[in-house]
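User: Hi! I am new to this and would like to learn how to read a few features. Could we go through them together?
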Amino acid sequence: MHKKSIYILSIESSCDDTGAAILQNDTVLSNVIANQKIHAAYGGVVPELASRAHQQNIVPVVQQAIELAGISKKDINAIAFTRGPGLMGSLLVGTSFAKSLSIALNIPLIAVNHMQAHVLAHFINEKNQKKPPFPFLCLTISGGHTQILKIINYNEFEILGETIDDAVGEAFDKSAKLLGLPYPGGPLIDKYAKLGNKTAFKFTEPKTSNELDFSFSGLKTAILYFLQREHRKDENFIKNNLYDICASIQYTIVNILMKKLKLASTKTGIKNIAIAGGVSANSEIRKTLKAFENSLGWTTYIPNFEYTTDNAAMIGIVGYFKYLNNDFDEENTMATSRLKINE
Ligand code: KG4
Ligand code: ZN
């Protein structure tokens, strides 16, 4: 029997990227993203500027997604949008737009939790991409999030551990800032680390009362004091040792992540391990995970890069699952800046 196609338009505007995608069932037809370059000049995301840029980008981005998908507005069966978590001013732009369009087109509205979307991006239908079986563990790492989750089902998530202060992406970006690198510094640390010695410098790893929780604010302070101390001895210390410093910082951060992930796997007995979020682009993390396939018997799941950083396709896949469950939202649904994974 021929299965009827469901077309979902999805919108993501939780932080500084405006995204729109069209999915045909679990397959992505288009996935458009407008990055906001403006924040680089300020060394971080400026919320006020982010919401303004969303205002400018949202209409063209949605139009482009529909055009690239080769469908017309009347083919769309539902609109999915990011309800939270994220920056309120940014979320409001996507939320209001989605609501208005759902009324105009007279089609259902589906509110999506951005954190669930990062995880469920693994279920986007892609060639050469395997989907993790339940239950699996997911290390969700980005500029805003750091969690180890146990994924029991499409709509059942258990937080095993999370950061008590900075997210791991912030740890990368703030360290990079201390080194005078532009925002976002994570990808640059990764790049320079490839040229350096990862055991050149040692940074103490932070302690947390729950052994699966993370803490990164202490590391940032340790790096700051280390750089100040070395600067007193050699004012060109950063310049002369940039690659080694980057390699050592990255090694420390990746070690912290992997130790906890290993512990979570041992405690739960789960060896299907997924990663999600922008930081999963990091080459040291990918290399280490691959090595654990042999040494620890893990099967690891890493989505294509375009679905790891903030994007609308991941909002669309959750929208599709919710559509199949007739799980729709009313027009009075509110954007929610703080939203837990199970909400
Ligand atoms: O998921 P994402 O695009 O946006 C958020 O939801 O935060 O993640 C962005 C974060 C930034 O902190 C960025 O520096 C970091 O991911 N990042 C990396 C790498 N690529 C992106 N961090 C380390 N190594 C990378 N290769
Ligand atoms: Zn995100």
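Analyst: Helices α4 (168-178) and α5 each supply at least two residues of the shell around ligand 1. Helices (H or I, at least four residues) and strands (E, at least two) are DSSP runs, numbered from the N terminus. This is a predicted model: local features need pLDDT of at least 70, side-chain atom pairs count only at pLDDT 80 or more, and totals for chains, interfaces and linings use all residues. Residues are numbered from 1 along each chain as its sequence is written, chains are lettered from A and ligands numbered from 1 in the order in which they are written, and side-chain values use heavy atoms, leaving out hydrogens and water.

User: Which residues come nearest to ligand 1?

Analyst: A residue is near a molecule if one of its heavy atoms lies within 4 Å of it. Of the 19 residues around ligand 1, those that come nearest are Gly143, Asp173, Asp190, Gly278 and Asn282. In the side chain of Asp190, an N or O atom is 2.8 Å from a nitrogen atom of ligand 1.

User: And why does Ser215 count as buried?

Analyst: Buried means under 20% relative accessible area, exposed over 50%, partly exposed in between (1.4 Å probe, protein chains only). Ser215 counts as buried because its relative accessibility is 9%. You will find Ser215 in the loop between α5 (186-193) and α6 (217-233).

User: Where do His114 and His145 sit?

Analyst: His114 is in helix α3 (residues 114-120), while His145 is in the loop between β6 (136-141) and β7 (146-153). The two are 31 residues apart, and both His114 and His145 are buried.

How values were computed: A polar contact is a pair of N or O atoms within 3.5 Å; within protein, one must be able to donate a hydrogen and the other to accept it, and residues adjacent in sequence count only if both atoms are side-chain atoms.
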